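Colleague: I am new to reading protein models. Could you take me through one, feature by feature?

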Amino acid sequence: MIEGLPREVNAIFIITAFLTYGFVYFILISKQRDKPSITPMAVMMVLGAWIFLQVMLGISGFYLNFESAPPRMVFGVAPPLLAIAFILIKPQTRNYLMDIPVSSLTYLHFIRVPVEIVLWWLFLQNQVPELMTFEGRNYDILAGISAPFIAYFALGRIVKSRSAVLVWNFLGLGLVLNIVINAILSMPYPFQVQAFDQPNMAVFYFPFILLPAFIVPVVLFCHLASIIILWRKESQE
C-alpha cells in the first residue's frame, strides 16, 4: 500500500472493487435464459483468481520496476483486454451476450462515481496528476452519474430508446479511452509525455492496481457488449 495514504481512500476503493465484482455476477445471472456452455460461477472463479493474482503482485511491488521491457503494467492489462477480444469475437460467447439485459450492463457504470472520487483524493495526496481527475481532463464521472438514469428511463418501461442508449455508450466509451490514454501517457515510463511533476503512481500499488487490471476492463467490456447488443437489435428491426 501507499504509505501515509488515509485509510478511507483505500477502504472506499476496495469497496468499489467488491461492488464491481458483485455487479459482474449480477450481470451474468440477469440474462434471460440459461446456456450450459458458460456458467456464472465458473466466470466468477476465474475472475476472482485474476483479482487475487493482481492483489499479490501489487503487494509484492512487482509493478514498481519501471525499467523492465516490456513495461510490467502490460501483465496487468493485456490479459483482460485479450479476454474481452476473445469473448466479443467468438460467435458462441458473442451470442451469449444477446441474452444479457443492456440495463444490467448500464447500471454497472455507476461505480465510476466512487472511482473518480478516489482519483481526486489520490491527486490531493500527490499520487496521480490533476489531469486524471474531474478537475483536469477526466470527465468520466459524467458517465457514472448518468448511468442509472439512462438504465431506468431510456431502457425502462417509461421510455425506450435504443438509439439514445447506443449514443450514450459511444460517448461513455470515448470518456474511458480519454482517461486511459492520459493515464498511460502520465506513467513514469520512457514514453511519458506529460505530468512530469506528478506522474501516475497510484496504479502501481495495491489496491489501485485493480483499476487498470480489473475495473477499467469491466467498464470497457460493458460498453462494447452494450453496443454490440443494441446494434444487433436495431439491425434486426
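**Reading the model**

Modeller: This is a predicted model. We start with charged pairs. A search of the whole structure finds 1 salt bridge.

Colleague: Which side chains meet in the salt bridge?

Modeller: Those of D140 and R112, at 2.5 Å from N to O. Then look at where each partner sits. R112 is in helix α6 (112–124), while D140 lies in the loop between α6 and α7 (141–154), so the pair ties together parts that are 28 residues apart in sequence.

Colleague: Are D140 and R112 buried or exposed?

Modeller: D140 is buried, and R112 is buried too.

Colleague: Now the core. Which residues touch the most other members of the largest nonpolar core?

Modeller: L108, L122, F204, F208 and I215 do, in a core of 67 residues.

Colleague: How far apart are the C-alpha atoms of I89 and L210?

Modeller: They are separated by 25 Å. Along the chain, I89 and L210 are 121 residues apart.

Colleague: Next, the backbone. Which peptide bond is cis in the loop that holds P70?

Modeller: Read the omega angle. The bond from A69 to P70 is cis, with omega near 0 degrees. P70 lies in the loop between α2 and α3. The bond from F206 to P207 is cis as well, with omega near 5 degrees. P207 is found in the loop between α8 (162–185) and α9.

Colleague: What about phi? What is the value for N126?

Modeller: Phi of N126 is near 60 degrees. That is a positive value in a residue other than glycine. N126 lies in the loop between α6 and α7. A195 also has a positive phi, near 55 degrees. The place of A195 is in the loop between α8 and α9.

Colleague: Is N126 buried or exposed, and is A195 buried or exposed?

Modeller: N126 is exposed, because its relative accessible area is 53%. For buried, the cut-off is under 20%. A195 has 12% relative accessibility, so A195 counts as buried.

Colleague: Last point: confidence. What is the mean pLDDT of the chain?

Modeller: The mean is 91, and 93% of the residues reach 70 or more. Then compare the elements. Helix α6 has the highest mean pLDDT, 97. Helix α4 (residues 91–97) has the lowest, 80.

Colleague: Why does pLDDT matter to a reader?

Modeller: Where pLDDT is low, the predicted coordinates should not be read in detail.

Conventions
Residues are numbered from 1 along each chain as its sequence is written. Side-chain values use heavy atoms; hydrogens and water are left out. A salt bridge is a side-chain nitrogen of Lys or Arg within 4 Å of a carboxyl oxygen of Asp or Glu. Helices (H or I, at least four residues) and strands (E, at least two) are DSSP runs, numbered from the N terminus. Buried means under 20% relative accessible area, exposed over 50%, partly exposed in between (1.4 Å probe, protein chains only). A nonpolar core is a set of buried Ala, Val, Leu, Ile, Met, Phe, Trp, Tyr and Cys residues joined through side-chain atoms within 4.5 Å. pLDDT is the predictor's confidence in each residue, from 0 to 100.
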